[in-house]
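Thanks for coming, everyone. Let me put the model up, and then we'll walk through it.

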Amino acid sequence: MAVINGERVSIVPQSIAAYLKSAGYNEKRVAVEKNLRIIPRGKWTDEMIGEDDSIEILNFVGGG
Amino acid sequence: MSEKSEQLYEENQVYYVDSDTLPPQALARKHRLEQDPSSRTDHMAYMPGMEIIDSDVKDKVVAAMNDFDYSVYTARDVERALSHERCSIEDFKALLSPAAAPFLERMARRAELETRNHFGNTVYIFTPIYIANYCQNYCIYCGFNCYNNIRRKRLSFEEIEHEMKVIAATGMEEILMLTGESRTYSDIAYIGEAVKIARRYFRNIGIEIYPCNTDEYRYLHECGVDYVTVFQETYNSDKYETLHLLGHKRVWPYRFDAQERALRAGMRGAGFSALLGLDDFRKDAFASALHVWYLNRKYPHAELSLSCPRLRPIINNDRINPRDVGEKELCQVLCAYRIFLPYVGITVSSRESKSFRDGIAKICATKVSAGVSTGIGDHEEKYGGDESGDAGDEQFEISDSRSIGAMYADMERGGLQPVLNDYIYV
Amino acid sequence: MEDKLILGGHEFTSRFILGSGKYNLKLIQAAVEQGGAEIITLALRRANTRESENILDFIPKGVTLLPNTSGARNADEAVRIARLSREMGCGDFVKVEIMHDAKYLLPDNYETVKATEVLAKEGFIVLPYMYPDLNVARDLQNAGAAAVMPLAAPIGSNQGLATKAFIQILIDEIDLPIIVDAGIGKPSQACEAMEMGAAAIMANTAIATAGDVPAMAAAFRKAIEAGRSAYLTGMGRVLARGGSASDPLTGFLR
C-alpha cells in the first residue's frame with residue numbers, strides 16, 4: 001500500500017506524471033514530495049510511485 | 001613647504017617646544033618632522049604586526065562625519081529634536097550645532113531626565129594609575145611625547161604593588177591603568193603582570209594603553225582587564241596626520257578599530273573619545289558618538305562609555321589650551337551625547353574643574369575620577385605629603401585634585417549616590 | 001528620492017502585504033487592486049483532486065507571492081514546506097511561521113531562528129514571523145533574514161498594537177525592515193505602526209472579516225500611506241517631557 005496525502009491507497013507502479021493525470025490533479029499547480037524528497041517537475045515522467053512509497057501532493061491555498 | 005602644509009605648520013606652532021637637552025641630530029629630525037610632511041610616514045598604512053580586522057564601522061563613521069554640516073541647522077531643528085521621544089542621528093546633529101547653544105538649559109533638563117531614567121542617581125568613582133610614561137610617539141600636544149624633556153619612569157612590580165596599596169587604602173575599588181605608548185618599555189607582558197597585581201587590590205580594572213591586536217587584548221583580559229579605553233584624538237585623519245608625527249600611534253585606522261578588537265577579544269566594555277579642541281570639536285563629537293552607536297548595534301552586550309577630554313597645558317608648554325571648546329560648548333556636547341545615547345556611560349576627568357564636575361554630574365556624567373595623579377609613582381607623595389622625589393613627570397596638568405573622600409562627600413551633598421563598584425568579575 | 005520598500009534586493013512601492021486567507025478567491029483581485037498590494041501571502045496544503053479552482057489563477061500578474069510555512073511545528077517542518085513552496089516556481093520569498101502552541105498560535109522564536117538560518121543559506125528571501133524580542137530579532141538578522149515580522153497582538157485577534165513598546169525597540173535597533181504582522185484589526189492601528197517607523201503592514205483577518213473586503217483593503221492602503229508620510233516628514237511635538245527643577249542646571253558654567 002502506498003500513502004498518498006495521508007490516505008492509504010493500492011496502486012500499480014507508475015510514473016508521478018501518470019498518477020497525477022489519472023487521479024485528476026491540476027498538474028500545473030502542484031508540488032510533489034516522495035518519501036520526504038522533493039521531486040522536481042522535470043522528473044515526474046521518470047520517477048515512479050509504487051507500494052511502500054509515501055507521497056505528498058501539495059498546492060497553494062489562501063493564507064495569512 | 002606647500003602653502004597648505006605651511007598653514008598647518010603655523011596652526012600647530014603653539015604645540016612645538018624644543019628641549020635644550022636634545023642632541024642636535026634628534027633636534028634636526030624633530031624639526032624636519034614638524035616642517036616637512038614628506039618626511040613623515042603614511043598615517044593610513046598599517047605597520048608590520050598590526051592586525052587588520054574586517055569591519056565597516058570606520059567607513060560608516062567617516063562618511064557620516066564628512067557629511068555633517070552643522071551650519072545648516074536652525075532653532076526649529078533643535079526644538080524639534082528636543083520634542084522627539086527618541087533622538088535620531090539627525091536630531092543629534094541639530095543638538096551639536098551652534099543653533100542649539102541658546103537651548104542649553106533645556107538640553108540639560110532633558111539630559112538629566114535620560115540619565116536618571118537609565119542610571120538613577122548613581123555616580124561611579126574611580127582613579128587612574130600611570131605605571132610608565134615612556135613613549136615612542138611624537139604627538140605634539142602631549143606631555144609624554146618622545147621629544148619632551150621630562151623625567152621618565154617605569155614602575156617596578158614592587159612599586160606598582162606599593163602604589164596600589166596606597167590607593168586601595170582609600171577605599172577605591174575601580175582602577176584605570178595607564179602607560180605611555182611604548183611597546184618597548186611597556187610591553188604586553190609587563191602590563192599583564194601589572195594587571196595581575198591590580199587584581200589583588202581592585203575589583204574592576206580598565207586599561208588605557210597603546211592599541212593592541214585581538215590576541216593581546218585576549219591575554220590582558222585573562223590577566224583581569226575588563227575595560228579598554230582608546231582615545232581617537234581626532235576623527236579627521238588629515239588633521240590627525242599633522243599632530244601625530246612619529247611612532248605607531250601615527251596609524252589612524254589601526255587606532256580606530258582598537259575598541260572593536262578589544263570587544264572581539266572578550267572585553268566587557270570600551271571607552272571612546274576625541275580630544276576636543278584638536279580639530280573641529282562638533283565633528284569630532286559627532287564621530288565619537290557615532291563610533292559608539294555603530295559598535296553598540298554590532299556588539300549589543302558591550303558596555304560603552306564616552307569621555308570628553310579637552311586640551312590641557314603640559315610640562316614645558318603652558319600655552320596649550322582647549323581653544324574654542326569652552327565649558328558651555330563642552331556641556332552642550334555632553335548633553336547631546338546623553339540625549340542621543342541614553343544608555344552610555346559618560347566619564348568626566350580631573351582635567352575639568354571642581355565646579356564643572358559637580359555641575360555636570362547632576363546632568364549627565366556617570367563616572368568621575370578622584371585622587372588623581374597623572375605622574376608616575378607619586379600617589380604616596382600626593383596622598384601622604386611624602387616628597388621623596390623620584391617620581392616620573394605628568395602627562396598633563398589636572399584641574400580638580402579632590403581626594404576620593406572629598407569627592408564622595410561632594411557627590412552625596414549634590415544629591416547623588418556615589419558608587420565605588422557594583423561589579424561581578426567573571 | 002522615491003520611497004521604496006526593499007526586501008532581499010526586490011523593490012516595492014506598496015507597504016501593504018495582503019493575506020489571502022478566509023475570504024472568497026473571487027475577491028482577491030479586487031482586494032489587491034483596492035489595497036494597492038504588491039505582495040500577497042499564501043499557504044501550502046495537500047492538494048484536492050475535486051477542487052477545480054486554484055488560488056494562483058485569482059492573483060493578478062506582477063504580484064509577488066509570499067508563501068508561509070503555516071502548519072510547521074518546528075524548524076525542520078518549516079524548511080520542508082518552504083522548499084516545497086519554492087518548487088511551485090513562484091519565487092524565493094518565504095514567510096517563516098512556526099507554531100506549536102495550538103491555543104494562542106504564538107510563534108516559536110527559537111525554531112524560527114533555526115529555520116531562517118537554513119533557508120537564508122539556501123537562497124530564500126526569508127521573512128520570519130516572530131514574537132517581538134530584541135535578542136531574537138538580532139539572531140534573525142545574523143541568520144540572514146530579509147526583514148523581521150513581529151506580531152502586534154495574537155493572530156486573528158484584531159487587538160492592535162498590544163506589543164507596541166517592543167516593536168518600537170525593534171524599529172530603533174534592527175537594521176532590517178520591520179513588518180508588523182498579526183493582530184492589526186483596524187486601519188488606525190496600521191497607521192499608528194507606520195507612524196512609529198514600521199516598514200510595512202501585513203493584514204489578513206481584518207480585511208477578510210470586513211463587510212466589504214475590497215473597501216477595507218482600500219482603507220488599509222490609505223492608512224498605511226498616511227502613517228508612512230507622517231513618519232517620513234518627522235513628527236512634531238510628541239510629548240512634553242522634562243523635569244520641573246526650579247534652579248537652572250547649567251548655572252555653574254563659566
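How many bridges join strand β7 of chain A to β4(C), and do they run parallel or antiparallel? There are 5 bridges, and the two run antiparallel. On the chain A side, that strand covers residues 54-62. A word on terms. Strands pair if DSSP finds at least two bridges between them. Helices (H or I, at least four residues) and strands (E, at least two) are DSSP runs, numbered from the N terminus.

Some housekeeping. This is a predicted model: local features need pLDDT of at least 70, side-chain atom pairs count only at pLDDT 80 or more, and totals for chains, interfaces and linings use all residues. Residues are numbered from 1 along each chain as its sequence is written, while chains are lettered from A and ligands numbered from 1 in the order in which they are written.

Confidence next. The model scores ipTM 0.90 and pTM 0.82. Chain C averages a pLDDT of 91, and 94% of its residues score at least 70. Residues 238-242 of chain C fall below 50, yet beyond near neighbours in sequence this stretch has 9 contacts in the model. By pLDDT I mean the predictor's confidence in each residue, from 0 to 100. By contact I mean two residues whose C-beta atoms, placed from the backbone, lie within 7 Å.

Now, who touches whom? There are 2 pairs of chains in contact, and chains A and C share the most contacts. Chain A and chain B do not touch; their nearest C-alpha atoms are 32 Å apart.

Take A with C. Here 25 residues of chain C are in contact with 20 residues of chain A. On chain C, β4 (39-46) and α2 (75-87) each supply at least two residues of that side. The largest share, 6 residues, comes from β4(C). By class, this side of chain C has 10 nonpolar, 10 polar and 5 charged residues. The classes are simple: Ala, Val, Leu, Ile, Met, Phe, Trp, Tyr, Cys and Pro count as nonpolar, Asp, Glu, Lys and Arg as charged, and the others, Gly among them, as polar.

Then B with C. That contact takes 18 residues from chain C and 23 residues from chain B. The side of chain C that touches chain B divides into 7 nonpolar, 5 polar and 6 charged.

On to chain A itself. It has 1 helix and 7 strands, in the order β-β-β-α-β-β-β-β along the sequence. With 64 residues, a compact globule would have a radius of gyration near 11 Å, and chain A agrees, at 11 Å. That radius is taken over C-alpha atoms, and the globule rule is 2.2 Å times the number of residues to the power 0.38. The C-alpha trace spans about 35 × 25 × 20 Å along its principal axes. Of the 64 residues, 23% count as buried. Buried means 20 or more other C-beta atoms within 10 Å of the residue's own; exposed means 12 or fewer; partly exposed is in between, with C-beta atoms placed from the backbone.

Look at A:Asn35, in the loop between β4 (31-34) and β5 (37-39) of chain A. Its phi is positive, about 50 degrees, although it is not a glycine. Most residues other than glycine have a negative phi. Is A:Asn35 buried or exposed? A:Asn35 is exposed, because it has 11 other C-beta atoms within 10 Å.

Phi of C:Leu105 is near 55 degrees. C:Leu105 sits in the loop between β6 (93-96) and α3 (109-121) of chain C. With 16 other C-beta atoms within 10 Å, C:Leu105 is partly exposed.

Chain C also holds an open sheet of 3 strands, ordered β6-β7-β8, with parallel pairing. β6 and β8 (149-150) stand at the edges with a single partner strand each, so one side of each has no neighbour in the sheet. β7 (residues 125-130) of chain C joins β8(C) through 2 bridges. There, C:Met130 stands opposite C:Pro150.

Last, chain B. Strand β7 (residues 269-274) is mostly covered, with 5 of its 6 residues buried. β7(B) pairs in the parallel sense with β5 (residues 227-233) over 6 bridges, and with β8 (residues 303-307) over 4.
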